[in-house]
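Please read this briefing alongside the sequence and the coordinates. The points below are grouped by topic.

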Amino acid sequence: MAAFSNLIRLVPLQLEDLPSHPALKRSVEQKRPRRKSTASELQARSTDPQKTTQRLDQSESEIIEANGRPRIGPFIKTILDSAVVFIDETLPSTFRPGSDKSSAPAKTKIQLLRRDITAKELSKVDWLGSEIPRHPPDNVPSEAWFARRSRHANQRSDGTADFSEFDYGLRVDHCKHEGEYTPDVFDTYKVVDWTIPDALTEEESSLADYQDITMSSMYNLMIHVFSFSRKMALAAYPSCQSISRLAQRPL
């Protein structure tokens with residue numbers, strides 16, 4: 001099973017963990033989360049300390065800017081690569097299938113899946129030694145993940161949709177559209193929207209496997225109704241979203 005990602009977690013990223021943006025002007029160099037050396041790097045450093053340190057510093061500078069923030073290219077690639085592993089490997093092998101439910105106007109049933117990750121399991125997350133280091137949180141509670149799975153005829157007709165329609169409804173403006181089919185979500189607010197440099201999506205780029213890349217920080221405003229007390233609670237959930245589609249899977 002793939003190791004737990006340090007970025008795709010329910011614990012929110014700190015401001016200093018995010019790539020540079022005009023709205024985030026404060027330098028974080030003093031708070032920079034130093035990447036932890038691996039065992040092979042430590043062994044190489046003991047053999048030739050000066051040369052190895054120079055190589056590691058150069059490698060880190062390709063990932064981390066001088067102000068301590070991660071460069072946007074490596075940051076997005078790490079998230080998207082981790083997401084592919086999550087969808088293709090982690091979800092099918094570790095999520096527990098639940099009941100099937102109807103979801104009008106879809107004609108097919110929707111299967112609900114869940115995975116609970118304990119705090120003990122999350123203690124294995126390598127916060128500093130991963131490709132993109134981030135500040136270890138003070139407290140890492142257990143996590144509950146949910147997924148929906150369904151199969152639909154790939155056509156534009158009542159009760160189903162073709163792939164381009166699903167892509168528009170689930171990927172494009174994800175938070176906005178989520179509110180249309182999730183009753184608890186009554187508003188979304190975009191805090192920061194990063195501009196993706198054209199050079200990052202060129203054919204020779206490390207992100208060439210992905211298309212239509214977007215990255216933003218959002219707040220989902222939700223209302224929870226507690227049936228046992230008939231009380232309502234307003235909650236705001238922050239999220240950092242990197243969204244794209246794989247280039248080898250055309251619409």
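A residue is called buried under 20% relative accessible area, exposed over 50% and partly exposed in between, using a 1.4 Å probe and protein chains only. The model is predicted: local features need a pLDDT of at least 70, side-chain atom pairs count only at pLDDT 80 or more, and totals for chains, interfaces and linings use all residues. Residues are numbered from 1 along each chain as its sequence is written, and side-chain values use heavy atoms, with hydrogens and water left out.

**Confidence**

- The pLDDT is the predictor's confidence in each residue, from 0 to 100; its average over the chain is 79, and 77% of the residues score at least 70.
- Helix α1 (residues 39-47) has the lowest confidence in the chain, with a mean of 48, while β2 has the highest, at 95.
- Residues 41-45 have a pLDDT below 50, and this stretch makes 10 contacts in the model beyond near neighbours in sequence; a contact means heavy atoms within 4.5 Å.
- Residues 51-56 also have a pLDDT below 50, with seven contacts beyond near neighbours in sequence.
- Where pLDDT is low, the predicted coordinates should not be read in detail.

**Secondary structure and contacts**

- The chain has six helices and six strands; these are DSSP runs numbered from the N terminus, with helices (H or I) of at least four residues and strands (E) of at least two.
- From the N terminus on, the order of elements is α-α-α-β-β-α-β-α-α-β-β-β.
- Of the contacts in the chain with a separation of 6 or more, 65% are between residues 24 or more positions apart.

**The three-stranded sheet**

- Three strands form an open sheet in the order β1-β2-β3, with antiparallel pairing; two strands pair if DSSP finds at least two bridges between them.
- The edges are β1 (96-101) and β3 (143-149), each with a single partner strand, so one side of each has no neighbour in the sheet.
- From one strand to the next, the twist averages 25 degrees; axes are lines fitted to C-alpha atoms, for helices over the stretch in contact, and angles run from 0 to 180 degrees between N-to-C directions.
- Strand β2 (residues 110-117) pairs with β3 in the antiparallel sense over seven bridges.
- Opposite R115 stands W145 in β3.
- Helix α3 (residues 72-94) packs on the sheet and touches β1, β2 and β3, its direction making about 85 degrees with that of β2.

**Nonpolar cores**

- A nonpolar core is a set of buried Ala, Val, Leu, Ile, Met, Phe, Trp, Tyr and Cys residues joined through side-chain atoms within 4.5 Å; the largest one has 20 residues, and F75, I76, W194, I196 and L207 have the most contacts inside it.
- At least two residues of this core come from each of α3, β4 (185-194) and β5 (210-226).
- Helix α3 gives the largest share, five residues.
- A second, separate core has 12 residues, including V11, L122, W127 and A147.

**Aromatic pairs**

- Rings of Phe, Tyr and Trp (its six-membered ring) pair if their centres lie within 6.5 Å; planes under 30 degrees apart count as stacked, over 60 as edge-to-face and the rest as tilted.
- A search of the whole structure finds two aromatic pairs.
- F86 and F95 form an edge-to-face pair, at 5.8 Å centre to centre and 85 degrees between the planes.
- F86 is partly exposed, at 21% relative accessibility, whereas F95 is buried, at 7%.
- The rings of F86 and W145 have centres 5.2 Å apart and planes at 45 degrees, so this pair is tilted.
- F86 lies in helix α3 and W145 in strand β3, so the pair ties together parts 59 residues apart in sequence.
- W145 counts as buried, at 17% relative accessibility.
- Ring pairs link F86, F95 and W145 into a cluster.

**Two further residues**

- T90 lies in helix α3 and is buried, with a relative accessible area of 10%.
- Not counting residues up to four places away in sequence, T90 touches V85, F95 and R115.
- A153 is in the loop between β3 and α5 (163-170) and is partly exposed, with a relative accessible area of 40%.
- Leaving aside neighbours within four places in sequence, A153 is in contact with T160 and A161.
- A153 and F163 are 10 residues apart in sequence and 9.3 Å apart in space, C-alpha to C-alpha.
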